[in-house]
Amino acid sequence: MRASYPDNYWKLLVFTFCMGWTIIWIYRAMLSPIYPEIQATIGPQTNAAMGLIASCYFFGYTALQIPSGFLVDRFGQKKVLIPGFSIFAAGVFSIAYANTISMIYLGAVMAGIGCGTYYGSAYSLTSQHVPAEKKGLQTAIVNSGSALGMILGMTGSSYVVKTLGLPWQTMVVVSGCLLVFLVLWFTFAIVEPSKVAQAPGAATNKAAVVTEEKSKGSIFRLSLVTCYFLYFTTCYAYYMIVTWLPKFLEAERGIKGGMVGLVVSMIAVTAVPGALFFAHLSDKKRDKKAEVILFLEISAFVLIGVSMFAPDTTTFGIVLLLYGFLGKMAVDPVLISYVSDQADKKNMATTLGTFNFFGMSSSVVAPALTGYIIDRTGSGVWGFYLGAILLLIGAVTFYAANAGKKKQAKAG
């Protein structure tokens with residue numbers, strides 16, 4: 001006889017994927033503060049070459065978004081996550097033993113491919129099991145793992161390597177061990193639907209849902225495409241910041257040592273309360289999600305532009321705190337909830353994977369392009385300006401599509 005889902009299974013899922021994002025972001029954030037120490041092992045490199053490390057990871061991660069979403073819809077989340085994160089761990093361990101930039105690139109691509117199985121799996125599971133009236137808030141809780149992981153990765157690598165003087169590989173090995181633990185956790189925590197008894201009438205209800213969802217149309221209809229583009233611009237600005245802000249602070253603001261990771265992690269300090277507040281607001285005012293998204297995107301545009309005029313470290317820190325509260329981590333749960341509301345349930349993982357593919361494709365471009373801009377201009381300022389301009393374009397495009405959608409709704 002098949003078992004049922006555990007009591008409060010959705011709460012276990014929220015905890016699981018919050019922890020998952022924490023461990024993922026420890027890896028993502030730990031390398032950029034220690035680029036100089038990595039170069040002591042592999043030899044001097046250009047800024048563009050070092051930025052390509054992050055781009056290689058995000059290339060693998062982005063390339064897997066749509067295929068992994070399709071695989072999740074076909075085979076289930078657990079059967080995709082476990083082999084994916086085994087590859088992720090293998091890639092991270094290979095970086096720890098790398099002695100050339102090419103080996104690091106290869107390990108980063110492997111890590112990205114493995115991690116590429118996460119997004120569609122995590123958010124399709126939470127979308128299926130979290131109550132609708134709690135969707136935005138619980139998505140924010142899941143996403144808060146990103147902020148915690150960023151803090152641990154940035155400050156941890158800065159402290160362990162720059163203050164304690166340990167080899168840069170130390171944090172990489174720790175990250176790999178955490179990923180092995182996560183594979184074991186997925187094995188025992190996630191329940192496969194095939195092992196759960198189907199409730200009476202479920203087949204009839206499923207057919208009704210499929211019929212209803214067909215009317216929503218293609219995953220590439222205008223309302224979703226503008227969300228994809230908006231996420232592209234949001235991610236471009238964010239990953240440009242987390243990749244190159246440490247270098248910018250050292251080279252152009254004179255901040256040294258462990259303080260670099262501490263200042264950058266200010267983004268994450270206010271990200272969690274910001275995400276929780278705006279996600280709760282969007283749950284209470286479900287018909288105002290688009291307005292909340294626009295407010296946050298315009299705020300991020302202003303703050304990134306203003307940050308370049310900050311006269312001292314204190315002012316810069318305040319701007320980063322505000323960006324954390326109003327920036328990408330705050331808009332993510334609202335935008336994910338907005339997209340999942342419009343997605344066909346039978347293609348939920350594929351739609352979310354496509355959404356994340358367009359968003360994360362910017363993270364392939366941003367680190368290397370910003371490094372190139374720094375090499376050509378000698379400053380990171382123009383890289384930050386470009387990120388701010390893209391945010392404004394994304395917000396305007398989203399507003400235009402949303403305004404048109406409201407006019408059609410009124411006319412109907």
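1. Helix α17 (residues 328-342) holds both K328 and D332, which sit 4 residues apart, about one turn of the helix. In this predicted model, their side chains meet in a salt bridge, 2.7 Å from N to O. Both K328 and D332 are buried. As background, residues three or four places apart on an α-helix point the same way, because there are 3.6 residues a turn.

2. The count of salt bridges comes to 4. Another one of them pairs K162 with E37, with the closest N and O atoms 3.3 Å apart. K162 lies in helix α8 (residues 135-163) and E37 in helix α2 (residues 35-42), so this pair ties together parts that are 125 residues apart in sequence. K162 is partly exposed at 24% relative accessible area, and E37 is partly exposed at 24% too.

3. E192 forms a salt bridge with K79, the closest N and O atoms being 3.9 Å apart. This pair also links distant parts of the chain: E192 is in the loop between α9 (169-189) and α10 (202-214), while K79 is in helix α5 (residues 77-96), 113 residues away. E192 counts as buried at 16% relative accessibility, whereas K79 is exposed at 51%.

4. Now to helix α1 (residues 9-30). Its 22 residues should span 32 Å at 1.5 Å a residue, and the end C-alpha atoms are 32 Å apart, which agrees. Of those 22 residues, 19 are buried, so α1 is largely enclosed by the rest of the structure.

5. V306, found in α15, counts as partly exposed at 41% relative accessibility.

Key:
Residues numbered from 1 in each chain as written. Predicted model: local features only at pLDDT ≥ 70, side-chain atom pairs only at ≥ 80, totals over all residues. Heavy atoms only, no water. Helix = DSSP H or I, 4+ residues; strand = E, 2+ residues; numbered from the N terminus. Buried < 20%, exposed > 50% of the residue type's maximum accessible area, 1.4 Å probe, protein only. Expected span 1.5 Å × (residues − 1).
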